[in-house]
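Dear colleague,

Here is the structure I promised to hand over, and my notes on its salt bridges and its sheet follow below.

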Amino acid sequence: MGSKSDLKIMSAAADLLRQFNVPYDITLVSPHRTPHRMVEYAESARKRGLRVLICGGGGAAHLPGMVAAFTTLPVIGVPINSSLSIQGLDSILSMIQMPAGTPVATVGLDNAANAAILAIQMLALNNARLNDALEKYRTTMKDRVMRTIEELRKGGFQDDV
């Protein structure tokens, strides 16, 4: 993440990665205040065993795109609606409007949880344990919705209205 203020959003990704027993590294890497650190971090990521990078940023949100410029690993951007942001629109546009050849997969505003799930899906392509865990996660989500539907029916509501 680009600054400490991003931690409250980005912690959702860490929580899910922990839930799936996926090791992760969480740190501050500012493209504006620590540009050399950002370059070193991105260029050394593969050698350090990282396989997918999740980068959060608010405002101009240069971190995901700049990291993507210095690595061939997949980069997932989390646009953050920061205090300096234009309701998150500037962050979203800076991530989705990357030039050809330097993609940043971008999730919804403040949605670090989806970034973690997307990273886990990428890792699960070659990992049966993670694939099974994702299947169970999806089943749990479906079961939760079905329980809610049943609770609504018991209260006199119908799901087909």
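At 40% relative accessibility, Asp15 counts as partly exposed, a class that lies between buried (under 20% relative accessible area) and exposed (over 50%), computed with a 1.4 Å probe and protein chains only. Its partner Arg18, also partly exposed at 44%, forms a salt bridge with Asp15 in which the closest N and O atoms are 2.5 Å apart; the term stands for a side-chain nitrogen of Lys or Arg within 4 Å of a carboxyl oxygen of Asp or Glu. Both residues lie in helix α1 (residues 7-19), three residues apart, about one turn of the helix; helices (H or I, at least four residues) and strands (E, at least two) are DSSP runs, numbered from the N terminus.

Please keep in mind that this is a predicted model, in which local features need pLDDT of at least 70 and side-chain atom pairs count only at pLDDT 80 or more, while totals for chains, interfaces and linings use all residues. Residues are numbered from 1 along each chain as its sequence is written, and side-chain values use heavy atoms, with hydrogens and water left out.

The structure holds three salt bridges. Another of them joins Arg48 to Asp25, with the closest N and O atoms 3.7 Å apart; Arg48 lies in the loop between α2 (35-44) and β1 and Asp25 in the loop between α1 and α2, so the pair ties together parts that are 23 residues apart in sequence.

As for the sheet, three strands form an open arrangement in the order β1-β2-β3, with parallel pairing, where pairing requires at least two DSSP bridges between two strands.

Best regards
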